[in-house]
Amino acid sequence: MRAFIAVDIPGELHDKIVDVQSKFDDFKFKFVDSCIVHITMKFLGEIPDVMISDVSNALDLVTCDSFEAHVKGLGVFPKPKFAKVIWLGCDGNFDKLYESVNNSLSAFEFEQLLHGFSAHATLARIKYLPKKKKAEFLELLEELKDIDLGTMQVDTVKLKKSTLTPQGPIYETLHEVSLK
């Protein structure tokens with residue numbers, strides 16, 4: 001199964017996410033359903049079902065305290081003129097949480113990130129942006145770069161299964177770890 005470790009964005013921010021996404025309605029982007037927007041702490045990839053128990057037990061060793069995070073700022077990967085992903089920034093103790101998640105899973109030898117960890121929540125994927133719309137897009141990015149959606153409490157990290165469908169991914173929580 002396709003699996004990852006994530007922090008969910010809480011329900012009270014979902015309407016704000018929809019508001020931000022609606023500002024891009026003139027573009028034909030593939031938006032992430034606001035109900036499943038999350039911060040990926042570690043992508044595990046395709047793993048055998050029999051590993052779920054061991055991965056869950058390892059995640060129980062995460063030693064990060066719960067913390068308040070701020071969801072603010074909007075950006076793109078890899079860079080504005082060649083944007084493929086629109087994301088919301090997330091400030092908080094995510095680096096420590098990322099390190100603890102990585103350490104707890106070190107025995108499994110999952111792939112490490114090539115470009116380092118950056119706490120963010122993906123809002124949309126960009127397949128195509130017409131040249132005639134690029135200036136409008138860049139202007140909108142500039143306008144929204146400092147957007148502030150508010151704060152959230154990060155008190156759980158979840159092991160999730162991802163099933164890809166033509167309508168979008170379906171996520172199922174397989175294991176949840178409470179942060180102290």
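Which residues lie nearest the centre of the largest pocket? Select Thr40, Phe43, His120, Thr122 and Arg125, which are nearest the centre among the 36 residues of the lining.

The model is predicted, so local features need pLDDT of at least 70 and side-chain atom pairs count only at pLDDT 80 or more, while totals for chains, interfaces and linings use all residues. Residues are numbered from 1 along each chain as its sequence is written, and side-chain values use heavy atoms, with hydrogens and water left out.

**Stop one: the pocket**

Keep the five residues selected and look at the space around them. The largest pocket has a volume of about 1200 Å³. A pocket here is an open set of points on a 1 Å grid over the protein atoms alone, where a 1.4 Å probe fits, with protein on both sides within 12 Å along at least five of seven lines; lining residues have an atom within 4 Å of a point. The volume is the space filled by probe spheres set on the points, which are joined across faces, edges and corners.

Next, select strands β1, β2 (30–31), β3 (38–46) and β6 (120–125), each of which supplies at least two residues of the lining. Strand β3 gives the most, with seven residues. Strands (E, at least two residues) and helices (H or I, at least four) are DSSP runs numbered from the N terminus.

The lining divides into 17 nonpolar, 12 polar and seven charged residues. Ala, Val, Leu, Ile, Met, Phe, Trp, Tyr, Cys and Pro count as nonpolar, Asp, Glu, Lys and Arg as charged, and the others, Gly among them, as polar.

**Stop two: Asp8 and Lys158**

Now select Asp8 and Lys158, whose side chains form a salt bridge at 2.8 Å, N to O. Asp8 lies in strand β1 (residues 2–8) and Lys158 in strand β8 (residues 156–163), so the pair ties together parts 150 residues apart in sequence. A salt bridge is a side-chain nitrogen of Lys or Arg within 4 Å of a carboxyl oxygen of Asp or Glu.

Asp8 is partly exposed, at 26% relative accessible area, whereas Lys158 is buried at 14%. Buried means under 20%, exposed over 50%, and partly exposed in between, with a 1.4 Å probe and protein chains only.

Move to helix α4 (residues 131–144), where Lys133 and Glu136 are three residues apart, about one helical turn. Their side chains meet in a salt bridge at 3.5 Å, N to O. Glu136 is partly exposed, at 35%.

Finally, select Glu142 and Lys145, a salt bridge with its closest N and O atoms 2.9 Å apart. Lys145 is partly exposed, at 38%. The structure holds five salt bridges.
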